[in-house]
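Have the viewer open as you read.

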Amino acid sequence: MTSRPSHIGANVARVEDDRLLSGGARFVADVSLPGMLEAAFYRSPLPHALIEAVDTDEALQVSGVAGAFTAEDMTDVSPFPDFDQRARPVAIFPLARDKVRYVGAPIAVVVAPDRYEAEDARDLLTVDLEPLDPVVSVDEALAADAPLLFGEWPDNIVIEAPVANPEAMAEFEGRVTVSGRYEVGRHAGVPMETRGVAAEYRDGRLTVWTSTQFPHIARTMLSYCLPLDETDIRVIAPDVGGGFGVKAEFYPEEVTIPWLAMRLGRPVRWIEDRREHLIAACHARDLVLDLEAAVDGDGRFRAVRGMAIQDLGSAEMYPYGFSPAFTAVGHITGPYRIPHQSVGVIAVATNKTPCGAYRGFGIPEAAFAMERLMDKAADHLGIDRRQIRRRNLIGPDDLPYTTSAGAIVDSGSHREAFEETVRLTSERLDRWRARLADDPHVRLGSGVVNYIEGVTPTYYFTSGHWTSFDSCTIRMNPDGTALVSVGVSTSGQGLESMLTSLAAEALGVRRDQVRVVMGDTDRTPYGLGSWGSRSTNVASGALREASSLLLEKATRIAAHLMEASPDDIEVYGGRFNVRGSPGMSVTWQQVATTANIRTIDLPEDVKPGLEAAATYDPPGIEHNPDQYGRLNSSATYTNASHGAVVSVDVGTGKVRVLDYIVGHDCGTVINPQIVRGQVVGGIAQGIGGALLEKLHYDEWGNPLSTSFLDYHLPTTTEIPNMVVRHFESPAPAMPWGAKGAGEAGIIGPAPAIAAAIEEALSDLGVAEITRTPITAPDVLSLVFSGGGQEHPG
Amino acid sequence: MGWRGDERGRKCGSRVRNPDDVSVKPPPFKYARPESLDEVLRILSEYNGEARVLAGGQSLIPLLNFRLARPQVLVDIALVRELRQLEVERGVLRVGAAVTQNTVERSSDVARLCPLLTKALPFVGHVQNRVRGTVVGSIAHADPAAEMPAVALALQATMVARSAAGVRKIPADQFFLGPFTTALKPDEMLVEVRFPTSRKTRAAVTEVAPRSGDFAVAGVAGKLVTTRAGKARDVALALFGVGGSPQRLHDVEARLAGQRITGDLLDQVAALASHNARADSEDVHADAGYRAHVSGVLVRRAVEEMTR
Amino acid sequence: MKPVPEPTRRLPLSMTVNGRPIELMVDARKLLADVLREDLGLTGTHIGCEQGVCGACTVLVDGRPVRSCIMLGVQADGCDVTTVEGITPREGLNPMQQAFKDHHGLQCGFCTPGFLMTLAGVTPQEFPDEESIRELLSGNLCRCTGYEGIVVAVMAAWGRDR
């Protein structure tokens, strides 16, 4: 090809910014239709109870109230189908039937002209609940006499998948072993926009606006639950104010609100409030990795074994909440040459909000456990913590490398990124040592960790139903502009911009000639949505395929118009140029006008129209594990090294992250600014999870983190500036060599910060950090564990 | 929110209305915006306990949104001119009930004569809260983790309460009775807080909060004067966030009074402060033990700052 | 602001919104954010927590930033209210909006109007450096950006060295 300017690797302005900056965006809460009603849910105040009766009479007396409904009214609604053969079936019904299993479970819904009046009426509902003993922890759930969440089961185990790999077990004979139990606390994605659903039923068609990451899956699920054909349902994901996995679940309210619109014959809207969000949108993590490693005397890890133990909450979540535990196991060895593993999974139901997806999806948990274990092994063997990593990291000669979990790491800069991150971290630490030398209250430390992230994964493992493909159609309008529609959808990552650039690149047109459409099942081809750092890979694959089909036809038309051979045509600058004949060219507009309007000018064997559709199923993905749980779950694997520099106030236990360094490799970088934004934003969430965020429960199963006063998101003052170094190891099998970057940032902070805190306090001989979040009181306890504090101050 | 069984899992009475705090829009109420204090007091008296004063609303409106407060009437004092005074009169700083935190924070008179107030205000919420929130409202709200009540206590401010029946002056140490509970009667409102002023006083606020702008897990508001001989006098220290009300540390103050501040003395007062702190606040952010310990650390740092 | 001598449930509200005089009847309990969004269709003001913590609903009242989810509509009687729609030029973006765009100061954009309004309601000279800017913005939550792009954008728009 010629050396024309490329859109790849350029920082180009985002096409979505103008509407978002001016107040012109349209989120679900902005959807307003004539006669629209608003809904308010009555949610269970008890963690575990039988529903005896719901009295709606008084509520219905409130003027304007359009209705109050319970599960008994939803006779024409089916529960979510169950697809998974591995786990015990959990029937999810849009409003709770008979029993509630967490505080926040929807029991009834009231509909009124606005939210104020809906809440007035809700205040008048009377609900008879018969309390049952709650189960609030894994230990309680597994106790012999534990109350059962699901009466038809013999225990509270949702899924148990033990692994006993003899090759791994053999490595433990005669070797040093280190072990630990590493717990990543319950927290969640908590986007700034809560969930929300609006629905309208007219002319026998249902239109649903929902703040979702997967509109097509939502439509299919709706067709399973409601008595409607898929063609009579249109799901629109308008501007979505952050997803982070929380909106890659299909929720009961996404059925209830459309059902209400059908039942009442009026549009209905429900906007989740923040309290609802913190108790009824999915929670995440709450995973313990109980691990043991067999290690050679020089620090080389030979095998790891153990269990991933997950507190699933009530398990009433689809796609399944236990998938992150399996993903954690699939990533447990990280970028290290650890030949064997034998790690199983057990996930149990408790009377807490059901767990689901959150950015990172098990990989942050895996990285926390493995990196902590690596630090522990280093300390135990008297090896420097950086050095032990060098001895275990896979290098260029190892690639492609198949991990003990079955992941095929085809490319990467594992050692290079690590060394650069180590160098920069030390430099920064030294700088802070000089700057804070006079501060008597703080001690400084640093930690450097590594991980790999499988991106563009199988969905079969998570959903039991869908697999991994996505699609794209491109329609060239007569004026030479392109309408590109895709099955993925954005929740703020900048996908519109990314795909605009890729379409411009593939079609040889200007960016302003491209319009990307997503998030509307009527206007886009079937796709699985945006999660798992997949969108760039799958959408670009489908887009490239559709582009090449389109170009083939357009080239023939252009050649015909210029009476040249199609083999001599090159496309760039919005034109079809004849190689070797400068000045001889036709524009996309001429070609598209010919194809769509002046079809009399078409070659004889070319049919009218200029539109192409393609699907893309990333190669190499396996959907089912072998007997030891191994599979190549993802299309490709990114790598990164993270370095944290922290100060620890030994008087108060307060930790400040002073500097954060990342060596990041997601293959070819399409838009550096957007990739940096993804990485930095992910790190900020990771810092939140490491130091601040936890969804607390009391011993009775009451949620204690039900507002932003108790659930602390990091603010500008907790997040440092970051140093991001991009490494580019293109993925051999992926379009443009790109690897997804959506989730990577969140994986490193917890282990990096834990290591940094330990280093800061190392001369006090403190205990090991094994849990997140690491709060100020936790750190102070550590200080005391080392006897570092005889008197306050 | 919240259900706690008397014995685990068994609770008497299972017929539940909508539990509190699940709403986000205020319940219906009537609203008045009179021009005179007398009118305000008349309405308070008429609705005896069922009317609430609305000043900045930064604490009250969240409570209304959650329907944790369901007053029949809100009386907005925004138009009451006599509640807008911010002035120094005979050595006393008088802050009226309608004066915003932002106004006080920006006052150079306050910075000069009542520096503890100026130092404490940046810790109160965020700028958007202080633009509307009032100093007096924060004191009347008596959140145990808030800075303003502790400042009032440390400065031995005088609370001026009014009702249709007349005026009461309540010393700060008799005003705060517990979490969100004060000596105000249902038909009374806090119309003014009077802070003693001093040109010589040094002041400090030290606190631990999970993030900036958060309510403190523990904090200290302090003032003292250092004599020419380098000794401390007029020491006052008040803890907040540690227990149900702000608390003066009289023993610590006594230990410091008349002393030259040395490292040894600071060690002693820190230990004493930790020991004497009535730490009974426990929540998801910290237990009582942490709060007690950190109280000592923060007292030490506050005194260091004031004598540096 | 007109006096309301007797307690009333529903009352007239007159204010100026984005330079336009507005007169309407509202329930006393209706929050300013809902008046702007529902009655006036100004949906650029977003609601994220309804307790005055997240800052997404920040608007200007008489030029100063306030949280419109914990202010009653009737409290704005007689006031001059500005929303994100009101700071946006007819064509293009204002300098701060442009800086956010240039420096990737937004991703999903839900929190963005709140940040812009906080910034529009303060005197830049009072925030001379990064630390003071970060402190100023600590009352606005963003879950996407990690704040870096926002802080860089403000520094650039206000001509601060970085």
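B:Tyr31 has C:Thr8 of β1(C) as its bridge partner. This is a predicted model, in which local features need pLDDT of at least 70, side-chain atom pairs count only at pLDDT 80 or more, and totals for chains, interfaces and linings use all residues. Residues are numbered from 1 along each chain as its sequence is written, while chains are lettered from A and ligands numbered from 1 in the order in which they are written.

The bridge belongs to a pairing of β2(B) with β1 of chain C, residues 4–8, which is antiparallel and runs over 2 bridges. Strands here are DSSP runs of E with at least two residues, helices are runs of H or I with at least four, and both are numbered from the N terminus. Two strands pair if DSSP finds at least two bridges between them.

Now step back to the whole contact between these chains. Chain B brings 29 residues to it and chain C brings 30 residues; two residues are in contact if their C-beta atoms, placed from the backbone, lie within 7 Å. On the chain B side, two or more residues come from each of β2 (30–33), α1 (37–46), α2 (60–65), β4 (73–76) and α6 (127–132). The largest share of that side is the 5 residues of α6(B). By class, the side of chain B that touches chain C holds 15 nonpolar, 8 polar and 6 charged residues. Nonpolar covers Ala, Val, Leu, Ile, Met, Phe, Trp, Tyr, Cys and Pro, charged covers Asp, Glu, Lys and Arg, and the others, Gly among them, are polar.

What about chain B as a whole? Chain B has 11 helices and 15 strands. Its radius of gyration is 20 Å, close to the 19 Å that the globule rule gives for 308 residues, so chain B is as compact as a globular protein of that length. The radius is taken over C-alpha atoms, and the rule is 2.2 Å times the number of residues to the power 0.38. Along the principal axes, the C-alpha atoms of chain B fill a box of roughly 60 × 55 × 35 Å. Among contacts in chain B between residues at least 6 apart in sequence, 64% join residues at least 24 apart.

Chain C, finally, is assigned domain 1 (10–86) and domain 2 (95–157), with bounds from an automatic or database domain assignment. Their C-alpha centres lie 21 Å apart.
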